Amino acid sequence: DVSLITRIEDGTGTIEKEEVVINDLLDEIAYELSVIPEEERMSLKIDFRERVVVNGSQSLIGSIFRNLTENAISYSEGKTIYITLAENTQDSCRIIFEDDGQGVDESKLPRLFERFYRVDKGRSRSKGGTGLGLAIVKHAVLFHGGTISVTNRPQGGLRFDFTLKKQF
């Protein structure tokens, strides 16, 4: 994780770009969730009504969705993950990733993308991980010319709202 985040920060020249079909990545995430033991898995609701193609890094875009999914499973205590295509233009796409878990104290939201930051240090340590997952998500989104924000959902859980440029 440390080497990945360093590679992202070091520049775009070392990371190969290719055509990435987001829908195919989401199919992979759905499959990966389906093989997790039932008592540990969350259900996945995907609302992508059209094909979305980005010129970018397959592995980095995959890491966005995998890290958000792993975070929701490990920490949200929710039952469902929602991934929605909110906007798809010629230049960019906007994606909303939500869970129906417990959310995070409002005062801690601004720090979620910091390296090694953990909301609950005791519980996080027992779940493993490096504390870099959401920092990787942020850097991967920025690498693709996008923006990302996180808020609590009114009905519970977290909402990550991010954009990816299709060409950058």
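I began with strand 5 (residues 92-99) and strand 7 (residues 158-165), which pair in the antiparallel sense over 7 bridges. Two strands count as paired here if DSSP finds at least two bridges between them. I also looked up one bridge: Cys93 has Leu164 in strand 7 as its partner.

A note on what I am reading: this is a predicted model, where local features need pLDDT of at least 70, side-chain atom pairs count only at pLDDT 80 or more, and totals for chains, interfaces and linings use all residues. Residues are numbered from 1 along each chain as its sequence is written, and side-chain values use heavy atoms, with hydrogens and water left out.

I found an open sheet of 5 strands in the order 2-4-5-7-6, with mixed pairing. Strand 2 (43-47) and strand 6 (148-152) stand at the edges with a single partner strand each, so one side of each has no neighbour in the sheet. Neighbouring strands are turned by 15 degrees against each other on average, direction ignored.

Then I checked helix 2 (residues 22-34), which packs on the sheet and touches strand 2, strand 4 (80-88), strand 5 and strand 7. Its direction makes about 165 degrees with that of strand 2 (axes are lines fitted to C-alpha atoms, for helices over the stretch in contact, and angles run from 0 to 180 degrees between N-to-C directions; contact means heavy atoms within 4.5 Å).

Last, the whole chain. I count 5 helices and 7 strands, taken as DSSP runs (helices H or I, at least four residues; strands E, at least two) and numbered from the N terminus.
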